[in-house]
Amino acid sequence: MRVVEPTGPFVLRVHELEQGENRLERVGNGVDLALDAAFIRLAGLVVLRLVIYRAGDHIDVQGTVTATVDLACDRCLTPFQRVLEADVRVFAERREIRDRRPLEEVREDDLGIVYHDGRFVDLTDDVRQVLLVELPWQTVCRDDCRGLCPRCGADLKEGPCRCGEREVDSRWSLKSGSDPGGSRREGDPPANLG
Ligand SMILES: [Zn+2]
Ligand SMILES: [Zn+2]
């Protein structure tokens, strides 16, 4: 059976790690991480900064991954960029250690643990996962983005459009004395978003 060796910038070679503390930086791209370009668009490189403590075959990896992504505002469609930054924390030990332990113990401990064969510690999956978790659920160019007017399509960041003015005017005439600034108009994003 031919064993495929892991490759890419986020694969650590165990023999290159000193006993004790190692500091290193790895730089990769969306292809290295097998990121689907239709789902996440990187605006540059993915930078991984690591502090690694090695004691024998136990390898404790702490680090930060940083990447800039291209996004489009959900409300006004304006393209913008956002820097994603996430912690990476991996404890790697020899695969043989796992195989000697009872199955229940392996299951309990497996979170955050990767197993290595004495040659490679592959952080690629961990880097991909922490980046995807950092992607915002809702992408807005700024928290108070008012989006596009549903009637005329005007970008309401640029100021109120004419249809908004007319609507406010009509309500003022119906509800005199109410605070016009505090009332919500049709087409406004819900106040609790962002
Ligand atoms: Zn926007
Ligand atoms: Zn309008």
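How many bridges join E4 to E5? The views below start with the whole fold and come back to that pair.

**View 1. The whole chain, a predicted model.** Local features here need pLDDT of at least 70, side-chain atom pairs count only at pLDDT 80 or more, and totals for chains, interfaces and linings use all residues. Residues are numbered from 1 along each chain as its sequence is written, with chains lettered from A and ligands numbered from 1 in the order in which they are written. There are 4 helices and 8 strands, running β-β-β-β-β-β-α-α-β-β-α-α from the N terminus. Helices (H or I, at least four residues) and strands (E, at least two) are DSSP runs, numbered from the N terminus.

**View 2. E4 with its partners E2 and E5.** Two strands pair if DSSP finds at least two bridges between them. E4 and E5 run antiparallel, joined by 9 bridges; Val51 has Gln62 in E5 as its bridge partner. The two strands make a hairpin with 2 residues between them, and Gly56 in the turn shows a positive phi of about 65°. Strand E2 (residues 20-28) also pairs with E4, antiparallel over 9 bridges, and Arg26 finds its bridge partner in Leu48 of E4.

**View 3. The largest nonpolar core.** This set of 18 residues joins buried Ala, Val, Leu, Ile, Met, Phe, Trp, Tyr and Cys through C-beta atoms within 7 Å; buried takes 20 or more other C-beta atoms within 10 Å, with C-beta atoms placed from the backbone. E5 gives the largest share, 5 residues. Val46, Val61, Val65, Leu123 and Val127 have the most contacts inside the core, contact being C-beta atoms, placed from the backbone, within 7 Å.

Note on methods
A residue is buried if 20 or more other C-beta atoms lie within 10 Å of its own, exposed if 12 or fewer, and partly exposed in between; C-beta atoms are placed from the backbone.
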